[in-house]
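Please look over the sequence and the fold below. A short report follows the display.

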Amino acid sequence: MTARLAVTDPVLLAFADEVGADGPVAVEGARTRWEVGGPGHPDTRLVRAPAGIVDYVPDEMTVTVRCGTTVAELHQALSAEGQRTALPERAGTVGGALAVGENGLHVLGRGRVREAALQVRYVSDDGKVVTGGGPTVKNVTGFDLPRLLVGSLGTVGLLAEVILRTNPIPAVTRWVASDDADPFTVLDTILRPGSVLWDGNRTWIELEGHVPAVDAEQARLASMGTWIEVDGPPELESHRWVLPPGEIQTNVDGFGSRFVASVGVGTVWADVAQPSRAVAAGVTALNQRVKEQFDPRHRLNPGRDPGAR
Amino acid sequence: MAGLLSSVRKRLSSDALRTGRNGGQTDPVVAELRAALAPDRVRYDGAERTVLSHDASIYAGGVAGPVCFPLTTTEVQAIMVIAERHTRNVVPRGAGTGLAGGAIPLGAPIVVSVTRMNEIEQVDTANRFAWVGPGVVNLDLTRHLTPLGFHFAPDPSSQQVCTIGGNVANNSGGPHCLAYGVTNAHVLAVEVVLPNGDIVMLGGLEDEPAGYDLRGTFVGSEGTLGIATRVAVRLTPNPPAVTTLLLSFETIRDAANTVSDIIAAGMVPAALEVMDQRITVAVENYVHAGYPTDAGAVLLAEVDGLAESIEIDAHHIAALGHKNNALHIRVAADEAERAALWKGRKTAFGAIAQIAPDYYLHDTVVPRGALADVLDKIYEIADRHDLLVMNVFHAGDGNLHPLLVFDAREPGVVDRVHQAGAEIVRASLDAGGVLSGEHGIGVEKQAYMDEFFTAEDLAHQNRLRQAFDPGCRTNPGKVIPSGHSCADIQALRSVPRDVWA
Ligand SMILES: Cc1cc2nc3c(=O)[nH]c(=O)nc-3n(C[C@H](O)[C@H](O)[C@H](O)COP(=O)(O)OP(=O)(O)OC[C@H]3O[C@@H](n4cnc5c(N)ncnc54)[C@H](O)[C@@H]3O)c2cc1C
């Protein structure tokens with residue numbers, strides 16, 4: 001009996017062969033977030049994940065895509081059917097976006113990267129293609145390996161192909177900005193904004209939905225400040241902070257001279273780096289045990305540490 | 001519900017709990033557990049151990065060892081340390097409403113019931129989270145939050161009794177998870193006591209905690225990775241407006257096609273639930289919710305959000321209903337009518353009691369475009385096995401819940417139920433579906449795991465398991481099938497020496 005999820009795609013099997021079973025190896029994407037998790041080991045052999053959209057079923061709101069595909073290419077194909085994913089627009093490859101696991105600035109409207117991957121196929125430390133999760137939009141079939149792989153920086157497996165959840169692009173998207181509104185009050189007033197950004201002075205809001213609903217939200221905003229329509233979000237600074245959403249204001253002095261904070265989410269793009277976050281000893285030990293289980297010879301992306309960020 | 005199935009359990013039981021044969025021996029860990037907790041919170045009498053030897057599934061209860069009712073994380077830690085010292089297994093347990101046998105004890109483990117850890121510790125509406133004990137009942141949390149303008153989005157039909165800890169362990173869903181997502185999307189952090197006694201905080205109030213997403217992997221792990229002792233849940237604002245439509249159809253195929261068309265049109269309604277005629281009649285007789293009993297199927301569609309947008313979506317849904325030959329489309333006129341419709345949907349399982357004493361509720365997911373064909377197949381399978389099947393399900397995400405209704409006193413019927421069940425699972429997989437949408441694998445779906453996954457895939461699931469629980473002592477014998485798992489499931493069928501079974 002062949003398992004339903006057994007992999008026969010020669011492209012994935014060839015990728016597994018290329019990764020092989022020995023020697024340090026890592027996937028090189030588009031290098032947009034190459035520095036995350038610290039410098040990789042210099043002797044690491046770099047490989048590229050296969051590319052291409054394998055199966056897109058708009059009516060199911062799922063897409064099967066190889067991890068070397070760029071997010072831009074994926075989103076271009078999806079937008080033809082009025083859909084998108086939670087992967088950040090600024091990301092390079094699909095595999096890179098998932099391996100780094102950083103949410104974009106639209107997380108309120110488009111969802112979290114961690115919730116986007118329904119099924120993952122990755123090459124293991126011993127050079128085999130492994131599948132975790134399942135192809136349907138809802139599934140609880142055993143342990144959630146997709147969750148483990150997203151954000152793991154390629155240290156427990158090298159992502160080859162994924163099935164992603166897509167979501168509909170709303171009828172209208174409108175960005176508005178105000179220099180005299182309180183972003184925290186705004187967040188409590190607007191039901192489902194796509195994004196609420198704040199740089200300490202100016203507040204940007206992405207309103208999304210049906211035209212009459214967006215008009216109504218915009219009218220509601222008028223009582224909270226003076227607003228102008230703008231083209232889109234501001235430029236983001238290069239250092240990314242991750243905070244509990246309630247700690248943005250208390251940390252404002254640490255962000256340097258410029259920052260943009262995602263209100264209600266806690267991501268901050270600042271011009272200074274976030275001090276390294278303390279991780280409790282028990283959690284560190286558990287992380288190490290996970291690594292030992294999945295990569296006992298430490299050959300997958302050695303040097304990089306998903307905990308060091 | 002529990003009463004409904006207890007008769008089946010007794011008759012299906014291959015190793016039913018044998019009480020009353022103490023033989024003068026007591027379990028050696030009992031005294032230590034009593035010293036660590038309190039004498040009255042470590043039970044070792046037949047009654048408690050019988051009740052906690054099964055859950056709401058059709059599966060025969062196992063054998064419970066000592067039953068503990070801790071009040072604090074420290075007490076749970078003490079239990080884990082004692083268990084480790086004696087190499088004893090541990091099974092976490094919430095309300096016991098699980099339908100896959102996840103909470104049934106195998107191998108006389110220490111049963112850790114967290115139902116008394118039921119405090120809502122902190123609610124922070126400004127930052128939209130709450131810290132709760134794992135024993136908090138799902139609906140109690142939402143009732144607590146309602147006056148504050150919020151709710152906990154996962155709403156399993158069992159929400160009046162099931163616990164947040166159980167929801168976390170099973171990654172539970174509910175009708176409104178279509179738009180809002182299942183439990184994993186609503187859990188920020190989980191405090192866990194690991195099998196080695198370590199207390200760890202998985203996840204955190206920040207969106208992307210450092211390290212692997214261990215919070216995400218813990219959710220849905222069915223009690224095999226440790227015991228959740230505190231949970232930070234996300235609060236969802238109550239929508240300002242809600243519209244509930246009831247669409248009736250001549251055939252369930254038309255209802256299923258309407259669902260596919262709604263999703264294909266790019267809408268994500270708050271809920272899309274379908275009931276076939278048989279279950280609708282049962283519900284109507286039971287709670288008089290106002291469902292039409294002459295239609296082949298009904299679709300309960302709900303849209304929520306801003307009034308301006310739900311009006312547009314409601315019109316669109318109605319249009320797609322008409323396109324698929326809807327007989328009748330009704331919009332709930334007020335909150336009372338809406339509540340009555342939902343009460344009908346959520347008590348569907350209770351309504352079955354009038355038809356036959358026993359039922360077996362399945363749970364698979366298929367691509368939404370395959371719903372109509374798989375439903376045809378399910379009716380055909382049930383007919384062939386001379387069984388009555390009813391369908392009430394989370395249609396929006398393709399999550400089928402075929403309900404086989406029977407009387408276990410009828411000779412041979414239980415075997416037919418199991419055969420039909422197996423065929424239903426395979427029909428779902430044939431259509432590109434998966435083994436479970438929300439009830440989990442437990443012991444129920446274990447046998448199918450290696451039809452779905454390869455040996456390598458299962459070995460990797462087991463790697464995760466071993467990182468948390470190297471001795472395989474927390475809820476052993478669940479999820480991963482024997483041969484791929486660290487625990488020898490057969491060995492769990494026997495009871496350790498010195499244990500009063
Ligand atoms: C009538 C009925 C309707 C249902 N409807 C739905 C539905 O709509 N959607 C849905 O998803 N499910 C549904 N269920 C299934 C069930 O209610 C859910 O799975 C629920 O989340 C289980 O919660 P519980 O507290 O009863 O957990 P239990 O049954 O006690 O335990 C379930 C699993 O969780 C583990 N566990 C419990 N507490 C902890 C803890 N603190 N730490 C670690 N592990 C723990 C147990 O070991 C076990 O494996 C329904 C069940 C019934 C009987």
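The report covers sheets, helix pairs and a few single residues.

## The model

This is a predicted model. Every value here was computed from it.

## Two sheets in chain A

Start with the open sheet of 5 strands in chain A. The strand order is β3-β4-β8-β6-β7, and the pairing is antiparallel. Which strands stand at the edges? They are β3 (53–57) and β7 (129–133) of chain A. Each has a single partner strand, so one side of each is left without a neighbour in the sheet. From one strand to the next, the twist averages 15 degrees.

Inside this sheet, strand β6 (residues 117–123) of chain A pairs with strand β8 (residues 158–165) of chain A. The sense is antiparallel, and there are 6 bridges. Find A:Val120, and you will see A:Val162 of β8(A) standing opposite. A helix from chain B packs on this sheet: α17 (residues 455–468). Helix α17 of chain B touches β6 and β7 of chain A.

A:Phe259 stands opposite A:Ala270 in β16(A).

## A strand in chain B

Is strand β10 (residues 227–234) of chain B largely enclosed or open? In this strand, 7 of the 8 residues are buried, so β10 of chain B is largely enclosed by the rest of the structure. Strand β6 (residues 129–132) of chain B pairs with β10(B) over 4 bridges. Here B:Phe129 stands opposite B:Arg234. Strand β8 (residues 187–193) of chain B also pairs with β10(B), over 6 bridges. In that pairing, B:Val193 stands opposite B:Ile227. The β6–β10 pairing in chain B is antiparallel, and so is the β8–β10 pairing.

## Two helix pairs

Two packed helices are described by the angle between their axes and the distance between the axes. The table gives both for two pairs.

| Helix pair | Axes come within | Crossing angle |
|---|---|---|
| α2 (residues 29–36) of chain B and α4 (residues 73–85) of chain B | 10 Å | roughly 160 degrees |
| α7 (residues 211–221) of chain A and α11 (residues 307–323) of chain B | 7 Å | roughly 175 degrees |

Take the second pair. Angles over 145 degrees count as roughly antiparallel. With a crossing of roughly 175 degrees, α7(A) is therefore roughly antiparallel to α11(B). From α7(A), the contact uses A:Pro212, A:Ala213, A:Ala216 and A:Arg220. From α11(B) come B:Glu308, B:Ser309 and B:Ile312. By class, this contact has 4 nonpolar, 1 polar and 2 charged residues.

The pair within chain B is also described by its angle. That angle makes α2(B) and α4(B) roughly antiparallel to each other. The crossing is right-handed. On α2(B), the contact residues are B:Val29, B:Glu32, B:Leu33 and B:Ala36. They meet B:Glu75, B:Ala78, B:Ile79, B:Ile82 and B:Arg85 of α4(B). By class, this contact has 6 nonpolar, no polar and 3 charged residues.

## Single residues in chain A

Most residues other than glycine have a negative phi, and most peptide bonds are trans. A:Leu153 has a positive phi, near 55 degrees. A:Leu153 is found in the loop between α5 (145–149) and β8 of chain A. With a relative accessible area of 6%, A:Leu153 is buried.

A:Asn301 also has a positive phi, near 45 degrees. A:Asn301 lies in the segment after α8 (281–294) of chain A. A:Asn301 is buried, at 9% relative accessible area.

Is A:Thr250 buried or exposed? At 65% relative accessibility, A:Thr250 counts as exposed. A:Thr250 is in the loop between β14 (239–242) and β15 (259–262) of chain A. The C-alpha atoms of A:Thr250 and A:Thr267 are separated by 14 Å. Along the chain, A:Thr250 and A:Thr267 are 17 residues apart.

How values were computed. Residues numbered from 1 in each chain as written. Chains lettered and ligands numbered in written order. Predicted model: local features only at pLDDT ≥ 70, side-chain atom pairs only at ≥ 80, totals over all residues. Heavy atoms only, no water. Axes fitted to C-alpha atoms, helices over the stretch in contact; angles between N-to-C directions. Parallel < 35°, antiparallel > 145°, perpendicular 65-115°, else oblique. Left-handed = near helix turned anticlockwise from the far one by under 90°. Contact = heavy atoms within 4.5 Å. Nonpolar A, V, L, I, M, F, W, Y, C, P; charged D, E, K, R; others polar. Pairing = 2+ DSSP bridges. Buried < 20%, exposed > 50% of the residue type's maximum accessible area, 1.4 Å probe, protein only.
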